[in-house]
Amino acid sequence: MFVCLCTGVTSQVVTDLVSAGASTSKQIADACGAGSDCGRCRRTVRAIIAAAQTQQCPVHAAS
């Protein structure tokens, strides 16, 4: 699914960047451009980051 239509960035690209250590929407924007143009996708980028952080939490990962 496309996250950022301005730059053509997909959710997989954002997920891969989060897996590689990106933890803020600014870091994602710097790495791939998502969120650096109009900004409409920043909420989605932040949601992907939050979901990845929840999955890494030992309490939430067990459920």
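Me: What should I know about the numbering and the model before starting?
Reply: Residues are numbered from 1 along each chain as its sequence is written, and side-chain values use heavy atoms, with hydrogens and water left out. This is a predicted model, where local features need pLDDT of at least 70, side-chain atom pairs count only at pLDDT 80 or more, and totals for chains, interfaces and linings use all residues.

Me: How many helices and strands does the protein chain have, and in what pattern?
Reply: The protein chain has 4 helices and 2 strands. Along the sequence the pattern reads β-β-α-α-α-α. Helices are DSSP runs of H or I with at least four residues, strands are runs of E with at least two, and both are numbered from the N terminus.

Me: Why are α1 and α2 called roughly perpendicular?
Reply: Helix α1 spans residues 11-19 and helix α2 spans residues 25-32. They pack at an angle of about 115°, with axes 10 Å apart. Axes are lines fitted to C-alpha atoms, for helices over the stretch in contact, and angles run from 0 to 180 degrees between N-to-C directions. Under 35 degrees counts as roughly parallel, over 145 as roughly antiparallel, 65 to 115 as roughly perpendicular, and the rest as oblique. Therefore α1 and α2 are roughly perpendicular to each other.

Me: Is the crossing of α1 and α2 left-handed or right-handed, and which residues make the contact?
Reply: The crossing is right-handed. A crossing gets that name if the near helix is turned clockwise from the far one by less than a right angle, and is left-handed if anticlockwise. From α1 come V13, V14, L17 and V18; from α2 come I28, A31 and C32. Contact means heavy atoms within 4.5 Å.

Me: What classes of residue are in the contact of α1 with α2?
Reply: The contact has 7 nonpolar residues, no polar ones and no charged ones. Ala, Val, Leu, Ile, Met, Phe, Trp, Tyr, Cys and Pro count as nonpolar; Asp, Glu, Lys and Arg count as charged; the others, Gly among them, count as polar.

Me: What makes V18 buried?
Reply: V18 is in helix α1. Its relative accessible area is 7%. Buried means under 20%, exposed means over 50%, and partly exposed lies in between (1.4 Å probe, protein chains only). So V18 is buried. Leaving aside neighbours within four places in sequence, V18 contacts I28, I49 and A52. V18 and A52 are 34 residues apart along the chain, yet their C-alpha atoms are separated by 7.3 Å.

Me: Why does Q12 count as partly exposed?
Reply: Q12 also sits in helix α1. At 49% relative accessibility, Q12 therefore counts as partly exposed. Q12 and F2 are 10 residues apart in sequence and 8.7 Å apart in space, C-alpha to C-alpha.

Me: How do you know which label R46 gets?
Reply: R46 lies in helix α3, residues 42-56. Its relative accessible area is 46%, so R46 is partly exposed. R46 and T24 are 22 residues apart in sequence, and 7.2 Å apart in space between C-alpha atoms.

Me: What label does T10 get, and why?
Reply: T10 lies in strand β2, residues 9-10. Its relative accessible area is 23%, so T10 is partly exposed. Beyond neighbours within four places in sequence, T10 is in contact with M1, F2 and V3.

Me: How much of the protein chain is buried?
Reply: Buried residues make up 27% of the 63 residues.
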